[in-house]
Amino acid sequence: MENSLVQPDDVWILWAFLAGWAAISIYLEQNYKWASKFSGAIIALVGAMILANVGVIPLESPVYDTVWNYVVPLAIPLLLFQANIRKIWSESGRLLLLFFLSAAGTVAGSIIGFFLLKDVVPGLDQVGAMMTGSYIGGGVNFAALSAKFEAPGELVSSAVVADNLMMAVYFFILMALPAIGFFTKRFKTPYMDERSESDVNENDQTDAASYWGRKEMSLQDIGLAVGSSFVLVAASFTIADWFGELIPAGEDVNILSNVLNGILGDGYLMLTTLTMIAVTVFPKYFEGIHGAQEIGTYLIYIFFVVIGIPASVVLIFQNAPMLLVFVFIIVMSNMVVSFVLGRVFKFSLEEVIVASNANIGGPTTAAAMAIAKGWTKLVVPILLVGTLGYIVGNYIGTGIGVWFSSF
């Protein structure tokens, strides 16, 4: 750490790198086809990992701790401002059912993978929690759960490498499925049938640029988005600390008390719950704020830069192969359950594809795929349903992690 070109206490230089590299990763993803295929998250991670391993930036710094302790919590509410439960149910009830069926596949795969590999991969209980949450809502859950379970940086980085590689392969498969006769013959394809040639992206933009198009945003929007996020984080962690002290926990306390302490005393669970309640009770206020999703996503990109920094290349090559097997089991379980139950309940091929995508990659990747394929009528519903995955995935991932830690 002391031998790095940039020292751990070079605060402004490190912040410039974190914020700058996150911005560059987004720029590359939206302007170059090759970068779009890799995804900005992978670019952010790999770039930081290279610079850390060649000694340009330190492996540890208080700056990185700030990202974990403050930036990630602030990003979570911003990404939940559209999580109005009543609206999700009224506008996307059918797709919501499919999303939960797909999520069941994630849980089943996580359980199967854990019991097959728990004696081979150290820290798999923590990885199981992170990946279960991540594969029911996306990277924001990965960030929250990795912080909650205090997973070592090297383990988190290795898991992210395996996760992003598997996601890249799976998204490629999902994109290819509509052209495979085996699936089109067994599923109805109404959105593909309605698509017209005019839906093709005339500007030859990447999928990311198409989704994250320029939107109207005012100074008031920025102020309300960031200010509301600060208030929600402060209230949530204060309430969670109060419950944590009020409700006893430990080996000498009954199970119910321990469970309540774990749920009500957890800052991240309280944050997702309080945000969900606020958004549902005051929908007009939160839906009227423009730019919250953009700001929150940018903060998550900074998180991706940070988790790439402590990655030891040697350690990744030692651990990532087995972690890759673990995430492969989860993804394949999700796919099998999604398509089998999707067929049983007569969902369309397009609905199954975006629901599985929303589980594995989150609402933004699912919406981007729907846009890229021209399934415009699915964009808003899958965004709403996938956003709910931020909340559900956090709870389920926490439960899985607590259960796995008992073995």
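How exposed is R94, in terms of relative accessible area? R94 is partly exposed, with a relative accessible area of 41%. The residue returns below, in the part on salt bridges.

## Overall make-up

This is a predicted model. The protein contains 20 helices and zero strands. It has 407 residues, and buried residues make up 52% of them.

Among contacts with a separation of 6 or more, 84% are between residues 24 or more positions apart.

## Helix α1

Helix α1 covers residues 11-31. At 1.5 Å a residue, its 21 residues should span 30 Å, and its end C-alpha atoms are 30 Å apart, which agrees.

Which residues of α1 are buried? They are L14, F17, L18, W21, A22, S25, L28 and E29. Viewed down the helix axis, these buried residues fall within an arc of 135°, so they line one face of α1. An α-helix has 3.6 residues a turn, so residues three or four places apart point the same way. The exposed residues W12 and I13 are on the face of α1 turned away from its buried side.

## Helix α3

Helix α3 has 14 residues, 40-53. From its first C-alpha to its last it reaches 20 Å, close to the 20 Å expected at 1.5 Å a residue.

This helix is mostly covered, with ten of its 14 residues buried. The buried residues are G40, A41, I42, I43, A44, L45, G47, A48, M49 and A52. G55 follows α3 and has a positive phi, near 90°.

## Salt bridges

How many salt bridges does the structure hold? There are three. Side chains of opposite charge can pair when their charged atoms come close.

One of the salt bridges joins the side chains of R94 and E351, at 3.9 Å from N to O. R94 lies in helix α5 (residues 85-117) and E351 in helix α18 (residues 349-361), so this pair ties together parts that are 257 residues apart in sequence. R94 is partly exposed, at 41% relative accessible area, whereas E351 is buried, at 9%.

Another salt bridge joins K215 and E294, with 2.9 Å from N to O. K215 is in the loop between α11 (207-211) and α12 (219-246), while E294 is in helix α16 (residues 292-308), so the pair ties together parts that are 79 residues apart in sequence. K215 counts as partly exposed at 44% relative accessibility. E294 is also partly exposed, with a relative accessible area of 24%.

The side chains of D119 and K118 meet in a salt bridge as well, at 3.6 Å from N to O. D119 is exposed, with a relative accessible area of 69%. K118 is partly exposed, with a value of 30%.

T106 is in helix α5. Is T106 buried or exposed? T106 is buried, because its relative accessible area is 0% and buried means under 20%.

The C-alpha atom of T106 is separated by 4.8 Å from that of N334, although the two residues are 228 residues apart along the chain. Leaving aside residues up to four places away in sequence, T106 touches T132, Y135, I136, I330, N334, N359 and I360.

## Surface features

Which residues make the nonpolar surface patch of about 450 Å²? The patch is made by L224, I277, V281, F282 and Y285. One of these, I277, is found in helix α14 (residues 267-281). I277 is partly exposed, with a relative accessible area of 42%.

K346 is located in the loop between α17 (313-344) and α18. K346 counts as exposed, at 61% relative accessibility. Its phi is near 60°, a positive value in a residue other than glycine.

Definitions and conventions:
Residues are numbered from 1 along each chain as its sequence is written. This is a predicted model: local features need pLDDT of at least 70, side-chain atom pairs count only at pLDDT 80 or more; totals for chains, interfaces and linings use all residues. Side-chain values use heavy atoms; hydrogens and water are left out. Helices (H or I, at least four residues) and strands (E, at least two) are DSSP runs, numbered from the N terminus. Buried means under 20% relative accessible area, exposed over 50%, partly exposed in between (1.4 Å probe, protein chains only). Contact means heavy atoms within 4.5 Å. The expected span of a helix is 1.5 Å times one less than its number of residues. The arc is that of the directions from the helix axis to the C-beta atoms. Patches are made of residues with over 30% relative accessible area and no salt bridge: like charges are joined within 9 Å, nonpolar side chains (Val, Leu, Ile, Met, Phe, Trp, Tyr) within 5 Å. Accessible areas come from the Shrake-Rupley method with a 1.4 Å probe; for residues, only the protein chains shown count as cover. A salt bridge is a side-chain nitrogen of Lys or Arg within 4 Å of a carboxyl oxygen of Asp or Glu.
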